[in-house]
Every structure is written in structure tokens, then in C-alpha cells.
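Subject: Structure handover, salt bridges

Hello,

Please find the structure below. My notes on its salt bridges follow.

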Amino acid sequence: MMESSQSQSVEIAGIAVAVVAIAAGAAYLYLTKKPKGCLDPENFKDFKLVEKKQLSHNVAKFRFTLPTPTSVLGLPIGQHISCRGKDSLDEEVIKPYTPTTLDSDLGHFELVIKMYPQGRMSHHFREMRVGDCLSVKGPKGRFKYQPGQVRAFGMIAGGSGITPMFQVTRAILENPKDRTEVYLIYANVTYEDILLKEELDGLASNYPTRFKIYYVLNQPPDHWNGGVGFVSKEMIQAHCPAPAPDIQVLRCGPPPMNKAMATHLDDLGYTKEMQFQF
């Protein structure tokens with residue numbers, strides 16, 4: 001009788017251990033498996049605007065909700081989304097934007113949008129109200145990033161071209177296994193035009209050995225200690241990593257700026273492989 005009881009106990013204990021092991025395995029898979037993103041590369045999907053925060057007279061931050069509080073957008077680092085809207089003539093317009101959030105920001109994504117007076121998609125964002133939906137398709141883009149693929153990034157951004165740079169920088173700095181260094185030159189016309197300044201300064205303060213930022217203004221205020229005028233070769237030499245096989249310089253800005261920066265980089269000896277334009 002005792003033998004039977006003991007064997008039953010061993011059997012029950014064995015089942016209990018197996019159940020715990022299976023549960024632990026399931027939990028591990030749940031925690032380590034990358035959640036499925038909400039984007040569709042072929043079809044537009046609607047996401048509801050839940051918050052619109054005016055940052056300046058022509059810049060606002062838009063927060064859109066995802067289907068569940070643990071949903072992720074599913075956007076690879078350095079890629080962007082296509083947004084569809086209507087211009088002032090009620091005609092359809094599609095334009096690319098880079099969210100300032102990452103997949104570590106669950107349940108929502110955010111866009112920081114500079115709205116230009118004559119901008120067709122700017123009109124759509126200006127008219128958006130909380131509760132409205134934005135049609136989005138993606139991911140899009142040629143940039144692919146793996147932690148450690150370069151020793152350092154130089155970045156040259158102008159105006160709203162800061163958004164892909166901010167997204168890549170955040171992803172690098174917030175990954176404890178990524179030791180890549182980032183050197184950013186960010187150009188604008190006036191101080192008020194600088195987007196995400198508080199966030200950028202926060203990153204520079206939190207990661208002082210891995211992230212350096214140099215602001216350049218065309219019309220600086222009094223007592224300005226950053227760069228003045230247009231981004232020059234000398235500024236690039238002083239604030240970006242020197243040409244080397246294990247660095248890359250990213251650029252994103254208005255077309256005339258991108259063209260001028262490409263010429264500067266070529267003249268300074270950066271090969272085509274060392275350059276990437278968003």
C-alpha cells in the first residue's frame with residue numbers, strides 16, 4: 001500500500017514539474033518572441049488620434065493609439081511610414097513620416113509634425129482633431145540597422161529631417177548592448193525652429209560619452225554658442241567622425257542642403273559607402 005502511495009506521489013510530483021516547465025517555457029517564448037507589428041506594407045490601416053499637443057506655432061506632436069495597450073507599431077529602426085490625407089482642395093495626398101517613438105513604446109506611436117502654410121499634408125494634420133483617424137502604410141525605407149554595424153555614426157540633419165536621426169539615436173542609446181557612438185549636427189533657421197530639443201538635450205545629458213550634438217542656426221539669438229550660418233566642411237570635420245571603414249554619415253534635410261552636404265562629404269574623403277541619405 002505504501003509503495004503504491006509513494007509511486008503516486010512521485011507521479012504527481014513529476015506531472016507538477018512538467019506543468020511548471022511547460023508554463024515557464026511558454027512564458028519565456030511569450031517574453032522573448034518579438035510581438036507582431038500593426039503595420040501592413042501593402043494596405044493602409046487607420047489609427048485613431050488620442051492626443052494633439054501644440055509645441056510651437058507650426059509644430060505639433062500627434063499621438064495615435066494602437067489596437068491594444070501592448071501592441072507595437074512594428075517599424076524597423078530608421079524606416080518610415082506613408083501617411084494618407086486630404087489637402088485644402090480635398091484631393092488625396094500621401095507623404096512619408098518617421099515616428100519619434102520606438103517599438104519599446106507600447107500601445108501607441110507619435111509623430112512630430114512641422115506644418116507649412118502651403119504644405120498639402122500639413123493641411124490635413126492642421127485640421128485633425130482628437131478622435132479622427134490617420135491612414136498609415138509601411139514600413140518603408142532602404143535603411144537597415146543592426147547594433148554594432150558601425151563604430152560611430154555622423155548625422156547631419158536640417159529642420160524636420162531630425163526625426164529619422166532621433167529615432168535611430170534613441171534606439172542605439174537605449175539598447176544597453178549597443179556601444180555605437182553618435183555625433184549629430186542639427187541645422188535650423190531660428191532657435192524656435194529646433195524640433196525635439198528637450199529630448200535631444202536629455203539624450204546628450206544621459207549619454208555624454210556616446211552622444212554629442214552641435215546645433216547650427218542661420219539666424220541665431222544673442223549670446224548663441226552654437227554654429228552660425230550653413231553647415232560647413234569645417235563643422236563636419238570638427239563634429240563628425242573622420243572618414244573610416246567603420247563609420248557612416250547619415251543625412252536628412254531639404255534637397256538643397258542634402259546636395260550641399262553630399263558635396264562637402266565627398267570633398268572631405270567620405271566614400272559613397274560611408275554616406276547614406278534618408
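A salt bridge here is a side-chain nitrogen of Lys or Arg within 4 Å of a carboxyl oxygen of Asp or Glu. By that criterion, Asp105, Arg170 and Glu174 are linked in a network of salt bridges. Please keep in mind that the model is predicted.

Arg170 belongs to helix H3 (residues 162-173) and Asp105 to the loop between E4 and E5, so the pair ties together parts that are 65 residues apart in sequence. Buried or exposed? Arg170 and Asp105 are both buried.

The search of the whole structure gave 9 salt bridges. Two others among them are described here.

Arg63 and Glu110 form a salt bridge through their side chains, at 2.7 Å from N to O. Since Arg63 sits in strand E2 (residues 59-65) and Glu110 in strand E5 (residues 108-114), the pair ties together parts that are 47 residues apart in sequence. Arg63 is partly exposed, at 28% relative accessible area, while Glu110 counts as buried at 10%.

Arg120 and Asp87 also meet in a salt bridge, at 2.9 Å from N to O. Arg120 is in helix H2 (residues 120-127) and Asp87 in the loop between strand E3 (80-86) and strand E4 (92-97), so this pair ties together parts that are 33 residues apart in sequence. Arg120 is partly exposed, with a relative accessible area of 40%; Asp87 is buried, with 6%.

Regards

Definitions and conventions
Residues numbered from 1 in each chain as written. Predicted model: local features only at pLDDT ≥ 70, side-chain atom pairs only at ≥ 80, totals over all residues. Heavy atoms only, no water. Helix = DSSP H or I, 4+ residues; strand = E, 2+ residues; numbered from the N terminus. Buried < 20%, exposed > 50% of the residue type's maximum accessible area, 1.4 Å probe, protein only.
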